[in-house]
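These are my notebook entries on a structure that I had not examined before. I set out to look up its cores, its metal site and its ring contacts.

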Amino acid sequence: MICLGIESTAHTFGVGICKGKTILSDKRAVYKPPLGSGIHPKKAAQHHAAMALQTIEGALSSAHLKLKDIDLIAFSQGPGLPPCLQVGLIAAKSLAEKGKKPLIGVNHCLAHVEIGKLITGANDPIVVYVSGGNTQILGYTDGRYRVFGETEDIALGNALDSFARKIGLPHPGGPVIEKMAKSGKKYIKLPYVVKGMDLSFSGIVTAAVREYSQKGQLVSNLCFSIQETCFAMLTEVTERALAHTGKKEVLVTGGVAASGRLKQMLRIMCKERGAKLYFVPKKYSGDNGVMIALTGLLVYKHGIKPLKGTIKIKQKWRIDE
Ligand code: ATP
Ligand code: FE2
């Protein structure tokens, strides 16, 4: 069975085509906001609308396929930015109608997990999903994905970016902080906020900025300290998720997974527990259409009915729903 998947939750309009677990094409058009400003939902949506047709046609032609050869259309139904999601819905719906194909709505977070499993070969992992916009510890038990832990406020990547911006470091902050932290020698105490299985990062950013502006602490020491604190919190919750579920694998995805220090901490923890650790390579940890196509096939094969009639986007759709 061949599925064409459309991703449009945020900055990427992606179209992927999968035949079972084989990737036939992967086209992406990425909206880049002007330097120094964040993503503007309506402008991103305009970008996606302008790029939709050529990206879809590009994906079909690079797979040497026509719409009639596709068995299933899938799209990212949520969570995401509503104007962007709307473009994906319209594109997917018109393809499905034109080609008389079944239409499947895919959960974007689930798609990150499923492509991670496919690419790394992880079977039943605890998933650490850490990006600019998400921080969740996930796993599959009793027939559905569960959120074992998550941030109560901002995502870890967002926290790093925001700290960097507030002390005048360039965007994205994560890699810059990682570099500066290498020359940090002194740990400056920052709030360590783990509540049960949940995390909170915004107070850490506030405290670190205060240490910089009011106490004149060195940037290198603060970068070192913010990494040590945030990554230790994440590692602690991941370890507890392993302990609770008895799982023996950890899968890390999202942009923050590129961090060498986070990798190191998770590696030590997994070694101590005898768990296998997998990292999703950058190419597939970012948003793409392939993950939507792949997950669309899985969802369809598991008997979830194709969408009909009036279809709505699901801005806040959680993986455990
Ligand atoms: P999503 O929409 O899924 O939340 P996103 O586009 O916001 O994704 P990604 O592209 O997955 O996010 O990741 C970007 C984040 O990763 C940024 O916050 C960036 O600072 C962070 N990052 C990138 N490299 C590193 C690194 N080496 N160390 C720490 N953080 C990093
Ligand atoms: Fe994403």
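The entries below follow the order in which I looked things up.

**Entry 1: the model.** I note at the outset that this is a predicted model.

**Entry 2: the nonpolar cores.** I looked up the largest nonpolar core and found that it has 45 residues. Leu 156, Phe 163 and Ile 226 are the residues with the most contacts inside this core. I then listed the elements that give two or more residues to the core: the strands β6 (126-130) and β11 (249-253), and the helices α4 (156-166), α5 (173-181), α6 (202-213), α7 (219-245) and α8 (260-273). Helix α7 supplies the largest share, 11 residues.

I next took Phe 163 and asked which residues it touches, leaving aside those up to four places away in sequence. The contacts of Phe 163 are Ile 177, Val 205, Ala 208, Val 209, Leu 222, Cys 223 and Ile 226. I also recorded a second, separate core of 30 residues, which includes Leu 4, Ile 17, Ala 45 and Phe 75. As background, I noted that nonpolar side chains in soluble globular proteins tend to be buried together.

**Entry 3: the iron site.** Which residues coordinate the iron ion (ligand 2)? I found His 108 and His 112, each through NE2, and Asp 287 through OD, at 2.1 to 2.2 Å. Along the chain, these donors follow the spacing H-x3-H-x174-D. His 108 belongs to helix α3 (residues 108-120), whereas Asp 287 is in the loop between α9 (282-285) and α10 (290-301), so this pair ties together parts that are 179 residues apart in sequence.

I then looked up the geometry of the site. The angles among the four donor atoms run from 88 to 139 degrees, and the site is irregular. The tetrahedral class was ruled out because it requires all angles to lie between 85 and 135 degrees. I checked burial as well: His 108 and Asp 287 are both buried.

**Entry 4: aromatic rings.** My search of the whole structure gave one aromatic pair. Tyr 140 and Tyr 145 form this pair in an edge-to-face arrangement, with 5.2 Å centre to centre and 70 degrees between the planes. Are the two partners buried or exposed? Tyr 140 is partly exposed, at a relative accessible area of 39%, while Tyr 145 counts as buried at 10% relative accessibility.

**Entry 5: charges over rings.** I recorded Lys 263 over the face of Phe 279, at 5.3 Å from the ring centre. I also found the charged end of Lys 314 over the ring of Trp 317, 4.1 Å from its centre.

Methods. Residues numbered from 1 in each chain as written. Chains lettered and ligands numbered in written order. Predicted model: local features only at pLDDT ≥ 70, side-chain atom pairs only at ≥ 80, totals over all residues. Heavy atoms only, no water. Core = buried A, V, L, I, M, F, W, Y, C linked by side-chain atoms within 4.5 Å. Buried < 20%, exposed > 50% of the residue type's maximum accessible area, 1.4 Å probe, protein only. Helix = DSSP H or I, 4+ residues; strand = E, 2+ residues; numbered from the N terminus. Contact = heavy atoms within 4.5 Å. Donors = N, O, S within 2.8 Å, 3.2 Å for Na, K, Ca; no water. Tetrahedral: all angles 85-135°; square planar, octahedral: opposite > 155°, others 65-115°. Phe/Tyr/Trp six-rings, centres within 6.5 Å; stacked < 30°, edge-to-face > 60°. Lys NZ or Arg CZ within 6 Å of the ring centre and 35° of its normal.
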